[in-house]
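Let's take a walk through this structure together. Please keep the sequence and the 3D view open as you read.

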Amino acid sequence: MTRYIIRRLLQGVPVLIIISMILFALMMNMGDPVAAMGGRTITRTADRERLKRQLGLDKPIYVQYLYWLVGNDWTKVDLNGDGVAETPGTRKGVLRGDFGTSLSIRGKSVVQVISERLPNTLLLMIAAEVFIILGALLIGVYSALRQYSLWDNVITAITFIFYSMPIFFIALLSMYLFGVLFKQWGLPYLPTVGMFDPQIGQTPGQVALHMVLPVLSIALISFAAYSRYVRSTMLEVMSQDYIRTARSKGLPRREIIFIHALKNASLPIVTVVGLDLPLLLGGAVVTERIFAWPGMGRLFLDQVGRADTPVVMGILMMIAVAVVVFQVITDIVYAWLDPRIRYGT
Amino acid sequence: MTTTTATPGPIAQLTHDVLEAPPLTLRDLAWRRFRRHKMALFGGITLILLVAYALVGTLIYPESYANHNDTGQALQAPSAAHPFGTDPIGRDVLARTIYGAQISLLIGLAAVTIETLAGILIGALAGYYGGWLDSVLMRFTEAMLIIPEIFLLIVMAKFFGNKIPDINLFGRIFSGSVIVIVVIIGLTSWMYLARIVRAEFLSLKENDFILAAHATGTPNLQIIIGHILPNSIAPIVVSATLGVANAILAEAYISFLGLGVQPPTATWGNMLDNANSYMDTAPWLWFFPGLLILLTVLSINFLGDGLRDALDPRSRTV
């Protein structure tokens with residue numbers, strides 16, 4: 001088992017290197033990071049060149065990639081522009097955990113910038129994920145037990161609609177209904193943008209209130225695919241022999257469904273959830289933009305606009321590593337839950 | 001509460017007539033299964049209506065009208081003169097949804113063409129030749145799958161943004177960003193199809209008829225295109241159909257973020273750019289394009305679901 005885990009993690013390494021090269025090459029053409037730096041406009045050409053040299057942006061792309069990956073403390077860099085490399089480099093490189101310093105948020109390391117935003121995103125996404133899983137299990141099991149009934153068909157149609165819904169449409173609709181119309185009708189209404197009311201401050205109550213609409217939007221869109229999946233695995237399990245045996249033994253129906261059937265039907269769902277979990281880190285770009293939620297998605301969007309390569313690469317590589325790690329974890333959990341599966345060493 | 005028994009699905013009732021009738025071709029069988037799918041039929045009809053909306057509308061409103069702005073008419077609520085209202089610079093929203101429909105549908109189809117070609121090429125090469133080529137191509141596919149599509153789209157849209165000049169086609173001017181969007185959606189969505197095609201090729205190439213083709217000295221390219229590909233067409237068709245829906249959604253997301261097709265060319269997506277600033281004051285700005293996107297994507301998903309059932313060779317229902 002240990003050898004299997006190590007082998008799987010090692011297999012992820014070339015994949016991560018390929019994707020980091022592709023992304024790094026793409027980031028090189030994003031515009032001039034010096035131009036958007038810290039809100040200041042640097043007009044003198046000499047200043048711009050000096051700044052670029054200090055940041056290492058004057059180097060050819062493969063050198064920049066190398067410094068980003070392994071750092072430059074093993075070599076000397078030319079800071080004063082006389083063509084002689086004299087100052088020892090200070091960067092340690094991604095492989096040693098140094099993601100560099102943000103280009104546009106001055107004086108903050110990428111790790112700092114990300115760790116400021118990550119809790120906000122996780123709060124939003126984990127809450128949504130909990131609703132998604134619970135809702136999908138409930139709806140999926142319900143419609144599987146009543147296959148081809150009226151309710152099953154209605155639920156199928158509704159899940160298809162939500163599945164096809166662009167997230168901004170449902171977000172705008174729910175904002176309009178619960179934020180604007182409810183206010184006009186004199187009903188209790190929900191806040192539509194931000195994370196808290198600046199006049200009240202960031203209290204848990206405020207944050208929870210501001211979370212309702214984004215969580216609702218994300219959950220409604222994503223639960224559709226999950227519940228279809230639960231329905232089909234549940235249908236498959238319910239037609240198996242051991243369920244018939246349980247039924248013929250006269251076990252209570254509730255026990256058959258929730259203990260015998262659901263346990264096995266959840267196995268494939270564990271895989272789907274496990275593979276989706278790392279994506280929560282990236283947040284929801286469009287949703288966070290609409291609801292002005294200060295999370296990872298907004299950070300990513302802003303920093304792409306400012307050509308802030310270190311931060312953008314940091315976010316993307318964090319997601320990429322999480323995806324690889326979660327793939328392995330999902331496999332292990334699956335093997336642990338399902339004794340029929342054994343991974344060879 | 002009724003007890004549910006495990007029903008194995010509807011069983012074909014072969015009546016005397018059916019048994020006497022000449023055997024059905026695969027196409028007839030598929031059509032029969034498809035027709036039974038009420039939702040797929042609904043999807044197909046809605047799609048035809050949407051295409052008609054995009055084409056017939058052109059006859060009523062010229063494109064110059066859709067791009068004509070009159071700030072005196074800005075942000076008017078729906079009325080007889082402007083059934084869908086007007087936007088912040090006084091353009092007619094109805095006319096813009098018509099021209100937006102053309103571009104959005106076009107982007108969906110064109111992006112899927114690229115996606116399908118790339119997916120088939122990579123999947124076929126990996127599945128047919130195997131070995132190191134398979135390893136390299138599959139590692140590349142995995143690498144592309146690792147980053148969520150929306151992030152790749154944003155990075156690529158920024159990378160290629162505004163580098164292609166406007167194009168003049170059929171007397172109309174299209175923003176060069178249309179091509180950019182088509183290419184980047186195609187290039188970020190081929191991975192699942194490549195895996196499907198590879199799996200099909202892996203299993204099909206072991207068949208006797210391929211062995212026979214090899215024995216008679218058929219060139220590899222002809223085996224791939226003439227013998228294996230036609231046998232794996234069903235999953236490709238289904239995946240491409242659903243791909244159109246995803247491409248239209250992807251265009252809408254990326255244009256919504258302001259990184260997609262640039263004005264004055266209208267798409268449903270870029271009509272929604274900045275719509276959240278007018279969320280409460282001018283709901284008609286985002287409601288109509290949003291509804292059209294939803295209808296289109298929903299119809300295509302229904303259609304794709306019906307096709308999946310109809311084209312499934314294991315399906316026994318007639």
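This is a predicted model: local features need pLDDT of at least 70, side-chain atom pairs count only at pLDDT 80 or more; totals for chains, interfaces and linings use all residues.

Residues are numbered from 1 along each chain as its sequence is written, while chains are lettered from A and ligands numbered from 1 in the order in which they are written.

Start with chain B. Its secondary structure comes to 14 helices and two strands; helices (H or I, at least four residues) and strands (E, at least two) are DSSP runs, numbered from the N terminus. Of the 318 residues in chain B, 42% are buried. A residue is called buried if 20 or more other C-beta atoms lie within 10 Å of its own, exposed if 12 or fewer, and partly exposed in between, with the C-beta atoms placed from the backbone. Among the contacts in chain B with a separation of 6 or more, 71% join residues 24 or more positions apart. Here two residues are in contact if their C-beta atoms, placed from the backbone, lie within 7 Å.

Helix H5 (residues 93–129) and helix H9 (residues 191–204) of chain B have axes that come within 7 Å and cross at roughly 35 degrees. Axes are lines fitted to C-alpha atoms, for helices over the stretch in contact, and angles run from 0 to 180 degrees between N-to-C directions. H5(B) passes H9(B) in a right-handed crossing; a crossing is right-handed if the near helix is turned clockwise from the far one by less than a right angle, and left-handed if anticlockwise. Residues of H5(B) in this contact include B:Gly119, B:Gly123 and B:Gly127, and those of H9(B) include B:Ala194, B:Val197 and B:Phe201. By class, the contact of H5(B) with H9(B) has 11 nonpolar, four polar and four charged residues. Ala, Val, Leu, Ile, Met, Phe, Trp, Tyr, Cys and Pro count as nonpolar, Asp, Glu, Lys and Arg as charged, and the others, Gly among them, as polar.

Where do the two chains meet? The contact takes 36 residues from chain B and 39 residues from chain A. On the chain B side, helices H6 (131–146), H7 (149–160), H12 (233–256) and H14 (284–311) each supply at least two residues. H14(B) gives the largest share of that side, eight residues. The chain B side divides into 28 nonpolar, four polar and four charged residues.

Because 23 of its 28 residues are buried, H14(B) is largely enclosed by the rest of the structure. The end C-alpha atoms of H14(B) are 40 Å apart, in agreement with the 40 Å that its 28 residues should span at 1.5 Å a residue; the expected span is 1.5 Å times one less than the number of residues.

The largest nonpolar core has 159 residues, and A:Leu316 and B:Ile154 have the most contacts inside it. Such a core is a set of buried Ala, Val, Leu, Ile, Met, Phe, Trp, Tyr and Cys residues joined through C-beta atoms within 7 Å. H5(B) gives the most to this core, with 16 residues. A:Leu316 touches A:Leu23, B:Ile147 and B:Phe151, not counting residues up to four places away in sequence.

B:Phe159, in helix H7 of chain B, also reaches across. Leaving out residues up to four places away in sequence, B:Phe159 touches A:Leu26, A:Asn29 and A:Met30. B:Phe159 is partly exposed, with 18 other C-beta atoms within 10 Å.

Finally, look at two alanines in chain A. A:Ala292, in the loop between helix H10 (285–290) and helix H11 (296–305), has a positive phi of about 50 degrees although it is not a glycine. A:Ala307 sits in the loop between H11 and helix H12 (309–337) of chain A, and has a positive phi of about 55 degrees. Are these residues buried or partly exposed? A:Ala292 is partly exposed, with 14 other C-beta atoms within 10 Å, whereas A:Ala307 is buried, with 22.
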